[in-house]
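These are my notes from going through one structure. I kept to what I looked up and wrote each item down as I went.

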Amino acid sequence: MRKAVTDMSGIESGDFPRLQARYRRQWWIWFAGCAVLTLVGVLAAGVYGIGMAVLSLIALPVVSAQLSKKLSRYYKSEIVPQFVGRFCDEGRYVPGAGIDEEVFRASNLFGAPPDRYATEDLIEGRVGKTVFRFAEVHAQERRTTHTKNGTRTTWVDIFRGFFFVADFNKHFRGQTTLVPNFWGSKWLAGKRRIQLENPELMKEFLVCSTDQTEARYLLTPGLMERIMKLWNRYPEQLSISFTGSCIMVARSCAANHYEASIWRPLERCTERDIEAVRGLTAIVGELNMNTRIWTKE
């Protein structure tokens, strides 16, 4: 394999430029064929001609998506693993793995359990003493409405983004959750709202716990300040759950990461994805998880 190096990040690009150029050429061949079909369809001016023109226009984005998917397989296998280890020890990237649905459900950060659940692009490793893992998650709820014309089913997002799980070095007797304090949060958060002595945090989060004494002991003034710093970096995107002996952070994000495009330069792909990995692994330090003020029972 050729060893080319991108100027910006030092990532070895390998065969990425050659493959990208090949897939772009294939797309232009398709484009030329579709242009001919469209022209023929316009000149024909009949039903079949119009249909031919429409089909040729539909084919182009489909071809682009399929070629980008092929390029993404190379990107995931050869490019992404190079930068995962930069931000943690024992870093590992597994494109086909993710966060188990049972773990997602156990967080109790969302009002309804998902009817459809997908996860991919697992990254796991260790920062200092803290073991973590995170992946992309897309959880949806099925909603059915009945009308005079029949039954209609739609899929509504419960959550889409990164789901982060890390060892907190403490066994929790109860469960404490923090969700954004927008309209409807009471329904999302569940039961037993508690008040804490941090007005800024109480303004942005709805805090609930099954053990209020433990929650007040857990959410120290220092930890609440650090949570707010994290919130200020990702406003309205964070929900946090202290469950079992773990902290779970759900960070909503509509963009799909760790994917390549035949049109996007490698530097832009890696810049976006390196920033995502950097930001998620930084949660360990930002929440001071390596300062072990508790021990597991």
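Predicted model: local features only at pLDDT ≥ 70, side-chain atom pairs only at ≥ 80, totals over all residues.

**Entry 1: Arg126 and its partner**

Arg126 has 23% relative accessibility, so I filed it as partly exposed. I then looked for its salt-bridge partner and found Glu90, with 3.0 Å between the closest N and O atoms. Glu90 sits in strand S1 and Arg126 in strand S2, and 36 residues separate them, so I noted the pair as a link between distant parts of the chain. Is Glu90 buried or exposed? I read 62% relative accessibility for Glu90, which means that it counts as exposed, the cut-off being over 50%.

**Entry 2: other salt bridges**

I recorded 12 salt bridges in the structure. As background, I noted that side chains of opposite charge can pair when their charged atoms come close.

Next I looked up Arg233, which forms a salt bridge with Glu286; their closest N and O atoms are 2.5 Å apart. Arg233 belongs to helix H7 and Glu286 to helix H8 (residues 266-286), so this pair ties together parts that lie 53 residues apart in sequence. Both ends are partly exposed: I have Arg233 at 32% relative accessibility and Glu286 at 28%.

I also wrote down Asp273 and Arg272, whose side chains meet in a salt bridge at 3.1 Å, N to O. Which of the two is buried? Asp273 is, with 0% relative accessibility. Arg272 is partly exposed, at a relative accessible area of 23%.

The last item here is a network: salt bridges link Lys76, Asp121 and Glu259.

**Entry 3: Ser72 and helix H2**

Glu259 came up again when I checked Ser72. Ser72 lies in helix H2. I found Ser72 in contact with Glu259 and Ala260, once its neighbours within four places in sequence are left aside. The relative accessibility of Ser72 is 3%, and it therefore counts as buried, since the cut-off is under 20%.

Helix H2 covers residues 47-84 and also holds Val54. Val54 has a relative accessible area of 41%, so I listed it as partly exposed. Which residues form a nonpolar patch on the surface with Val54? I noted Leu55, Ile58 and Val62; together the four have about 360 Å² of accessible area.

**Entry 4: the sheet**

I then traced the strands. In what order do the 8 strands of the open sheet stand? I wrote down S1-S2-S3-S4-S8-S7-S5-S6, with antiparallel pairing. Strand S1 (89-94) and strand S6 (205-209) are at the edges; each has a single partner strand, so one side of each has no neighbour in the sheet. On average, neighbouring strands of this sheet are turned by 20° against each other, direction ignored. For reference, strands of a sheet pair through backbone hydrogen bonds, either parallel or antiparallel.

I went through the pairings at the S1 end. S1 and strand S2 (residues 116-127) run antiparallel and are joined by 4 bridges. Val94 stands opposite Leu122 in S2, and Arg92 has Glu124 of S2 as its bridge partner.

How many bridges join S2 to strand S3 (residues 130-147)? I noted 10, and this pair also runs antiparallel. One of the positions I looked up is Arg116, whose bridge partner in S3 is Gln140. The hairpin of S2 and S3 has 2 residues between the strands, and Gly128 takes a positive phi near 65° there.

At the other end of the order I looked at helix H7 (residues 221-233). Helix H7 lies across strand S5 (176-180), S6 and strand S7 (238-243), and runs at about 145° to S7.

**Entry 5: totals**

I closed with values for the protein chain. I have 8 helices and 8 strands as its secondary structure. Of its 297 residues, 45% count as buried.

How values were computed: Residues numbered from 1 in each chain as written. Heavy atoms only, no water. Patch = residues over 30% accessible without salt bridge, like charges linked within 9 Å, V, L, I, M, F, W, Y side chains within 5 Å. Areas by Shrake-Rupley, 256 points an atom, 1.4 Å probe, with all protein chains shown as cover. Buried < 20%, exposed > 50% of the residue type's maximum accessible area, 1.4 Å probe, protein only. Pairing = 2+ DSSP bridges. Axes fitted to C-alpha atoms, helices over the stretch in contact; angles between N-to-C directions. Contact = heavy atoms within 4.5 Å.
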